[in-house]
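Okay, thanks for making time, everyone.

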Amino acid sequence: MRRQGTMIILVVLLVAAVLVAVGVGAVWIPPATTIRLVAWKLGMAERPHGVAPSVEIILFQLRIPRVLLATVVGSALAASGAVFQALFRNPLADPAIIGVSSGAALGAIAAMLVTGGAFAGGLVVPAVAFLGALAAGLLVYRLARVGPAVQVATLLLAGVAVAALISAVMALVLTYSGERIRSIYFWLLGGLSARGWESLAAAAPLAAVGVVAALGTAGNLNLVALGEERAAQLGLEVERFKRVALATGALLAGAAVAVAGVIGFVGLMTPHLLRLVLGADHRRLLPASVLGGALFMVLADLAARTLRAPEEIPVGAVTALLGAPFFLYLLRRQRREAGARA
Amino acid sequence: MPRWWRTAAVALALMLAATACGEAREQPLRSPPAETAFPVTLTDDEGVEVTVEAQPQRIVTFAPSHTEILFALGLGERVVGVSGPFDDFPPQASRIEPVAGAGGTEPNIEKVVALEPDLLLTAFIGGEWKDRLRELGVPVFTTLASSFEDALEDIETVGRLTGAAEEAGTVTRRMQAKVETITAQAQSAGSVTCFLELSDLFTVGPGALEFDLLQRAGCEPITADAGQPYPQWSPERLVRDDPDVFLASEYGQPVAQVADRPGIRDLRAVREGRLFLVDGDLISRPGPRLVDGIAELAEALHPDLF
């Protein structure tokens, strides 16, 4: 009952957060105006009179696509984190830590350098980011493979090493690429500033495929969580499944990184938070992570664009500032409860 | 990951630049330069007292602006080391030994020492490398300019440090006269609002050198209420304020690509063809070519006048 309730609460909170995020921004638009404009766009009302054209642009070209993109990026990062944490059976597994985000970033940078800058829309950058993420994931997987099986501990270590290697390559590429790619620095920092429908169109299809695939892995992730031997005894083709799960996590990370750069903490923290509330069943945890990641990202981006308006704050700083203390609080509370029970 | 330290370093540097300049620039400067007698002791923009014992013969610059200043003072021959590939003006500066280490944010100490300089000039903030070099007997002098006036003062300071005070006075007087002419002309044309994008909606606010230049070139930046010199600006506010002119500091992308972004493409300035790329080197290097930078800005802001 409590678990069903949690899902309903998440949906309600997400809808509320999206509405607030569409209603509030660096430029104040009265809620009545927003509602009338949206109703008009949806074909439910006449075009409202006396609304400045700039208001329409702010709402439909900047704010709404940005909020929607925040939901997509947040969902993708959180789902990716949930898959990797289950697959690697390690609470520290996160697309950023095991090298998949670095691979995606390196892929995206390569695509941007070829296509001429961080503004390039379209599917090229996300697709290459996915390939980079997948390549990094497969490299980690191959490195960790000894004989027929892959040890999870080795996998994680290999992931950390590959992440460090790719980061070093990226640092070198950026150091010696000169001024031309200055905007790539800012893109790498992560953020959703001035992203529009193009970014949404680029990320949403890949993220949607990734989310569906991730939800499909939930049952088998539960088996893997029991240990690989046990999972195999229960009839799971473990090695094949691990490849599928790895590709799924890479696809999700690639979609998010390609449009929003590297944003930390969402993928690591969201599944943890929800696991504390919902337990470890991935059939619940994955959909909850999709909702929770979207909620977290919408709120973080709202803070990033409004707290110091008209200036913007890097959204990665917001995710860490909001996320870390809350996470530590939940962690301590859980430990204390566990201690009291024992 | 480079992103953390780089951005953090830049942000910190910009913050420090703002405060350092705010404190250090009280006294007026246009006093006639006295003939320099060495040793010269001056306090730099980080509050460090620097003594130059004799007229420097071997100078390392760690900032393209200082390279340009020394060449303008007729001391190009004495520059034995520069920061790196960005020291591209005047063209013969490209042939001077680069001293930057990997990453470009600080010099390679060994290279600097091997050049046996008797003065190092920089516009970079902070860094342990300065203390290290001072311990090794190389005077390190830092200038941080946040306005055109600051830049003129820095040129005169470099003149005093290098025994070229008279030449520096000539250079700065000429610069000041030209800029005063441009400003007077621009002001007669009436006010224009503008937005200067450095990259990804990062812009300039009060306390940034470029902000001062925009005002001198006859424009009211819409970012006047910024709380820091180099903020990232809200695209919503940019669309609402809809500046008359959109200036993008050149960063290797064609106009079409700069223009074709959400919100930006709907700006009046962009639709009506008043998006201009400006040469970032001319407006961000506090050196003798600032005059050309201001002229370029004025031309973009008031095309019918210049």
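In helix α12 of chain B, the buried residues are Leu290(B), Val291(B), Gly293(B), Ile294(B), Glu296(B), Leu297(B), Ala298(B), Ala300(B) and Leu301(B); buried here means 20 or more other C-beta atoms within 10 Å of a residue's own, with C-beta atoms placed from the backbone. That's nine of the 12 residues, so α12(B) is mostly covered. Helices, by the way, are DSSP runs of H or I, at least four residues, and strands are E runs of at least two, numbered from the N terminus.

Bear in mind this is a predicted model: local features need pLDDT of at least 70, side-chain atom pairs count only at 80 or more, and totals for chains, interfaces and linings use all residues. Residues are numbered from 1 along each chain as its sequence is written, and chains are lettered from A and ligands numbered from 1 in the order written.

Zooming out, chain B has 12 helices and 12 strands, and 48% of its 306 residues are buried.

Now over to chain A. How do α3(A) and α12(A) pack? Helix α3 (residues 53-87) and helix α12 (residues 282-306) of chain A sit at an angle of about 140°, axes 7 Å apart. Axes are lines fitted to C-alpha atoms, for helices over the stretch in contact, and angles run from 0 to 180 degrees between N-to-C directions.

Who's touching whom? Among the residues meeting there are Ala70(A) and Gly74(A) in α3(A), and Gly293(A) and Phe296(A) in α12(A), where contact means C-beta atoms, placed from the backbone, within 7 Å.

Key. Contact = placed C-beta atoms within 7 Å.
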